[in-house]
Amino acid sequence: MKVLLAHTPQMRRDYYGERSLNGLRALTDVKLHEGEVALDAAALVEAAGDVDIIVADRMTPGPGEIFPLLPKLRAFVRCAVDIRNIDVEAASAAGVLVTQASPGFIHSVAELAVGFMVDLSRGVSRATSDYHAGRVPDVMMGRQLAGSTIGIIGYGAIGRYLAGIAKVLGMNVLVADPFATPDDAAIRHAPLDDLLAQADYVVCLAIANAQTENLIGQAALARMQPHAFFVNLSRGNLVDEVALAAALHEDRIAGAAMDVGRAPDQMPTPELAKLPNVIATPHVGGLTPQAIEHQSSETVRQVAKIIAGEIPVGAVNADRWTRRPGA
């Protein structure tokens, strides 16, 4: 069998790594994408015409039109959790298996949330920028996390881990999630409206889907306290950026921090990121060696199972996998 690793050289270096690449090569013949731009549909069909398995980063889409044009393709393996730009139904109709990686970035994203809260509260980035520019920073009263209230929207793996950290830091912890209830008496489940009204820090970790599109909009922001901070570490789709910009411009909330947005590759939108009461990072919440290797090594294990004709952990349409080896 033959595998196409669709990552660009930079994405391959930052989001896959030599150890996992060597793991793939130990299993089968590996074809590398050497272009500097992510493969679009036409380019992917051309590159994958002779391969059995595509291993793709989040920047490489799997649109429906490619699957009938790749009759040899057996599986589309996503080296990420997010498979929204893969047409799973079209893949299933063609008998192609689709897989996703499990979240290996729980610790790294939760740690970035804590860093954001400290920075927003104490003006670390602001003072550093002033010093770098030769200005004398304003001395401003900060806020300590201990005794403050954090409101976590979305109580998945990251939300649970962050809630535990916040509890240890002495914070009051509120959680809003219609599908999960904390089993820790120190972590209080609350309706979203109550969470927004009570939290000093609102941290968005909800899943991005049609139901959560623009979850944080004008009405939600209006419920927040004027001294409160908003942190987004989920996806840009959850935020009405026009409403957020207005709230920040008008000082209706104290500030925001974001690692995601509606710019390409889920980057923060530059127009928001440049505001003086915003801290932004370029979608690096999961960019640590441990997090990256977790997901890339998982794709190696998935490819090994696929080659053996077995269903790997992470398969999302196994019941429709008709191009299975030996089938």
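I began with Thr60, which is buried at a relative accessible area of 0%, where buried stands for under 20% relative accessible area, exposed for over 50% and partly exposed for what lies in between, with a 1.4 Å probe and protein chains only. I note for the record that this is a predicted model, in which local features need pLDDT of at least 70 and side-chain atom pairs count only at pLDDT 80 or more, while totals for chains, interfaces and linings use all residues. Residues are numbered from 1 along each chain as its sequence is written, and side-chain values use heavy atoms, with hydrogens and water left out.

**Thr60 and its surroundings**

I placed Thr60 in the loop between β3 (53-56) and β4 (75-78); strands (E, at least two residues) and helices (H or I, at least four) are DSSP runs numbered from the N terminus. I then found that the side chains of Thr60 and Asp57 are joined by a polar contact of 2.7 Å, that is, a pair of N or O atoms within 3.5 Å, of which, within protein, one must be able to donate a hydrogen and the other to accept it, with residues adjacent in sequence counted only if both atoms are side-chain atoms. Leaving aside residues up to four places away in sequence, I listed Ala6, Leu39, Leu44, Phe76, Arg78 and Asn85 as touching Thr60, contact being heavy atoms within 4.5 Å.

**Salt bridges**

I next looked up the salt bridges, of which the structure holds 16; the term requires a side-chain nitrogen of Lys or Arg within 4 Å of a carboxyl oxygen of Asp or Glu. One of them joins the side chains of Arg320 and Glu89 at 3.0 Å, N to O. Because Arg320 lies in the segment after α12 (289-307) and Glu89 in helix α4 (residues 88-93), this pair ties together parts that are 231 residues apart in sequence. I recorded Arg320 as partly exposed at 33% relative accessibility, and Glu89 as partly exposed at 49%.

For Asp184 and Lys167 I noted a salt bridge of 2.5 Å, N to O, between the side chains. Asp184 sits in the loop between β7 (172-176) and β8 (187-189) and Lys167 in helix α7 (residues 157-168), so the pair links parts 17 residues apart in sequence. Asp184 is partly exposed at 24%, and Lys167 is partly exposed at 36%.

In the salt bridge of Arg135 with Asp130, the closest N and O atoms are 2.8 Å apart; here Arg135 is partly exposed at 45%, whereas Asp130 counts as buried at 15%. My last entry is a network of salt bridges that links Lys2, Lys31 and Asp50.
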